[in-house]
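My entries follow in the order in which I made them.

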Amino acid sequence: MLSNNAPITQDTNIPPAPNTTPSLTTTSTTHTTNTTRTRTTMSSSQQTSIIIRVLAASTGVCYRINLHPNELTVANIRRHLAGAIPPSDQILLLGPPYKVPKDSTLRSAEVLSALRLGDQEDDIAVASPPPDGTTSAAPCLLNATERTGSKRLFLFSKRALSEAAPDPPPCILDPQTIHLPTEPDPSPVPFRSAALSDSSAVHSPLHQALEVYERRFMLHLCRGRALTDGADLRLMSCRACVAEQVVIARALRAAVSNLSDHRNGAARTRSEFTANFQTKTAQHAVLLGKFDGYLDRLAKLPLDPALVSVARSSGRIMETLLDTVPVEREKQWAAQCKTSHENLMGLFAEVDTGFAQLTNAQSREEEARQDLQAEEEIKALSTEVESIATGIRNKQAERLHTLTKDHRDVVTTVMGVIHDESAAQAAFSTLENMSKASSSILPSMEADDEILAQLMQKVANAKTTAMKRMRTRLRQVSTAQSSIQRVLSSVAVVRDALSQQCENMVHLEHVAELPASYRDFLAEIRRRRAYGGAVASSSSAMMERLATMRADEVKARERFLRNSGRHLMPPFFDIFAPTLTTPPPLYTPQLPAMVEMDSLPDIKTLDSGGSEAAAASGRMGSSSLDENSDAPVQGGHITTDKVGVSSTSSLTDPQQQQQPENEEGARGSSRAVGQNPTDGTQGGNAQNDHSLIVSADEQSANDVIMEDDKGGLHAEAEAERKTMAYENATLRQALERLGGKSPRVYVEEARERDREAEEKWNRRRNSQKASSADDERDALKSQVTSLEKQLEEAKAQAKKATDALVESNKKSDKISHSSFHVGDVGLFMPTGRGSDGKRTYLAFHSNCPHRYLSTDSIKGTPDYVLGRIVYQEELIASGSSGTDSNPYGLHPGTKFWVLTVEVIKVP
């Protein structure tokens, strides 16, 4: 049946009738100029009302509904149409484009105006003939195009679309028969003399003869009137019936348009779904076909020795990546996925076949041709009605005019004879001539009426045929829409199955992506360990620096108390500055324990020979910046010394412990200020190691101790080294993601090629030993000659390659990391913020530190910068950290370079 999202509606101009289909015989009274127009009228209460016209698709009958604007809803229209079709069987369509009407749509001023325009077009199609009696045919409604913007409301019945629905009743137009009068109307002539008072008096023979003539002409006039009125009724019925056929044709257009919308939507769904389905299933097919190869590849990739050791310590034996995969379970899952993949392809083939059946262009063209032929027949029938029927009706009117004139002349002649009997002879001669002249009028009128009756029957038969064909075509449309809905339902099922298949294939994708994920895992572990070392070293350096500052502060306080402070009076210690003799506060931060470092395996970098699996897979590792450093990592425990730093554990190896330089000076008494040495408020401390206040009377040779702290500088250097190692690991990981290689990878590849060449040479030499000495000598000579030639060619190629390399190095797109010159390409990563508050970018490097990006080269704060060096400035750090002469917080005397680049790429 027609879809509910493309229904057709109809109207009534009376309250809902009984639950019966309107008879076609009543359509002639409903198709007038005023009944086919949607318009606004004024009710008796002076409130605006709206008349909505609804067209029945099966019969072409027009129904009108008069509603107040507040009652203009689809539900109210359906309720008024319940007398024709039950609301549950109603399908309404408003268009074009033909959609299910909504309350907001019906109340739209634009839609109401379009409906009114459609009513006006229909008025022209069924308009009354021109008053001048011409026979020009009105334009057929089927000739109107959608450019006018008119809309109509159609009503379809679900019940009429079922297979069990009865055939529509035959169309019968009225009047079927015209009843001609057998007696004339009363005569306007007083044949009885007014002078005769006797009612029983008998007419004279003269009067009787005259009365016969008058009665004969009056009877002809009455019959002529009946035939003329019948011609008008027949013409009106024919026009109304043709208009109903036009409604049926337009309703079929609406149904076909609705079906076309559904078919086009199905075609779009097919295109989108097919593209998505083929893309995903192609990926699944490749993954399923190469799954065993992926497993074999995992068996050839060894795990890092550190990971193997961790597994053994956990009681597990894992040596390759394949050992980390539940192989049997994955194989079973792959077999299930393969079976479901085959079933899914079968379902898709069925859906594709269903779509192919929906797009039978040849059948649609044949149906469109037949629909157009039916519309042409309606147009021809309309033309025939307007030309033949209208012409006959006009002739009948002319003949009636003649009969009326003849009867008037007869009455005049008879009245003249009654008043003057002497003219009776001439009058009879005139009447006889008139009778003979009009004797052929009535037969002609009856013959034309028969032609009109036949034409009316032809129009009625055409209406019956149109209703039957409409029922058949609507059933075809309904079947096609049902097929579309079934196919779309199948698409939904296949789409859900595809979604489930994609979820199932994720487990197999894990196996395929495991080598790449393993490489990233190794890089991530190295980066995290570098981060932990950097944090621990930075924490140790900070603690060492705080300890140095506190020691300097203690010595400064001691110097003050031994010199100027010993001359102060007690109020200065008791009132003005009660804490004058107390030591500086002890700073003992509690850093969170780096438990993660204990659980991370010690993954070696490719530069030190580790991670063979990563090298075999062709991806780079992360080489640290300290690969040439033989010095041990120094971090560790911050010890307790005379300057009051408490013992705290570090995440790195033990730091060098500072030795107290003046232990005895820290244990001096406080008797110069008149205080009890054991009084904690005046400088006494229960911990002898931390007693910093000395007696003002006690002189010491070490008045000022401001020596350089070698241990603190070493801790800061170690922190910087660990920080740079972490930055290096981060840069290497970013470079891997960009598709680059580690420098060590190139070395490993060269060594692999050397080994292959050596093995090839050994095989060739062994094969040569099996031959005779002469053959060997000849072969060697030939080989030497060939090698000499190859050597010459190789030298030429090497020279050519060297020249090309030199030329390419002038402007190469490869990322430089071991040296930086103008024209090289560098990768810069953010490391912090400089003295000016802007983000600092450091170049990715190998043993070429302190290459910083000029802040003038970029705008904003991108995650990385890839640029070609156009200028580099060599500087030496001086002064304190954060100044213009030392913007990057380096040790005084450290060389650093500021690089100006031409930006190639930023994220």
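**Conventions.** I call a residue buried under 20% relative accessible area, exposed over 50%, and partly exposed in between, with a 1.4 Å probe and protein chains only. The model is predicted, so I took local features only at pLDDT of at least 70 and side-chain atom pairs only at pLDDT 80 or more, while totals for chains, interfaces and linings use all residues. Residues are numbered from 1 along each chain as its sequence is written, and side-chain values use heavy atoms, with hydrogens and water left out. Helices (H or I, at least four residues) and strands (E, at least two) are DSSP runs numbered from the N terminus.

**Salt bridges.** I count a salt bridge when a side-chain nitrogen of Lys or Arg lies within 4 Å of a carboxyl oxygen of Asp or Glu. The structure has 26 of them.

I looked up E375 and found its salt bridge to R253, with the closest N and O atoms 2.9 Å apart. E375 sits in helix α8 (residues 361–419) and R253 in helix α4, so the pair ties together parts that are 122 residues apart in sequence. Is E375 buried or exposed? E375 counts as buried, at 10% relative accessibility. R253 is partly exposed at 29%.

I then turned to R469, which bridges to D371 with 2.5 Å between the closest N and O atoms. This pair also links distant parts of the chain, since R469 is in helix α10 (residues 441–512) and D371 in helix α8, 98 residues apart. R469 is partly exposed at 24% relative accessibility, whereas D371 is buried at 11%.

Elsewhere, shared partners join the salt bridges of E367, D371, R469 and R473 into one network.

**Aromatic pairs.** A pair of aromatic rings is described by the distance of the centres and the angle of the planes. I pair rings of Phe, Tyr and Trp (its six-membered ring) if their centres lie within 6.5 Å; planes under 30 degrees apart are stacked, over 60 edge-to-face, and the rest tilted. I found 7 aromatic pairs in the structure.

In the pair of Y98 and F154 the ring centres are 6.2 Å apart and the planes stand at 55°, so the pair is tilted. Y98 lies in the loop between β4 (90–95) and α2 (103–106) and F154 in strand β5 (residues 152–157), so parts 56 residues apart in sequence are tied together. Y98 is buried with a relative accessible area of 6%, and F154 is buried at 0%.

The second pair I checked, F273 and F348, is also tilted, at 6.1 Å centre to centre and 45° between the planes. It links F273 in helix α4 (residues 205–289) to F348 in helix α7 (residues 327–358), 75 residues apart. F273 is buried at 3%, and F348 is buried at 10%. Ring pairs join F273, F277 and F348 into a cluster.

**Backbone.** Most residues other than glycine have a negative phi, and most peptide bonds are trans.

The bond from P96 to P97 is cis, with omega near -10°, and P97 lies in the loop between β4 and α2. D174 and P175 are also joined by a cis peptide bond, with omega about 0°; P175 is in the loop between β5 and α4.

N847, not a glycine, has a positive phi of about 60°, and its place is the loop between β7 (839–843) and β8 (851–853). H850 has a positive phi near 65° and lies in the loop between β7 and β8. N847 is partly exposed at 36% relative accessibility, whereas H850 is buried at 10%.
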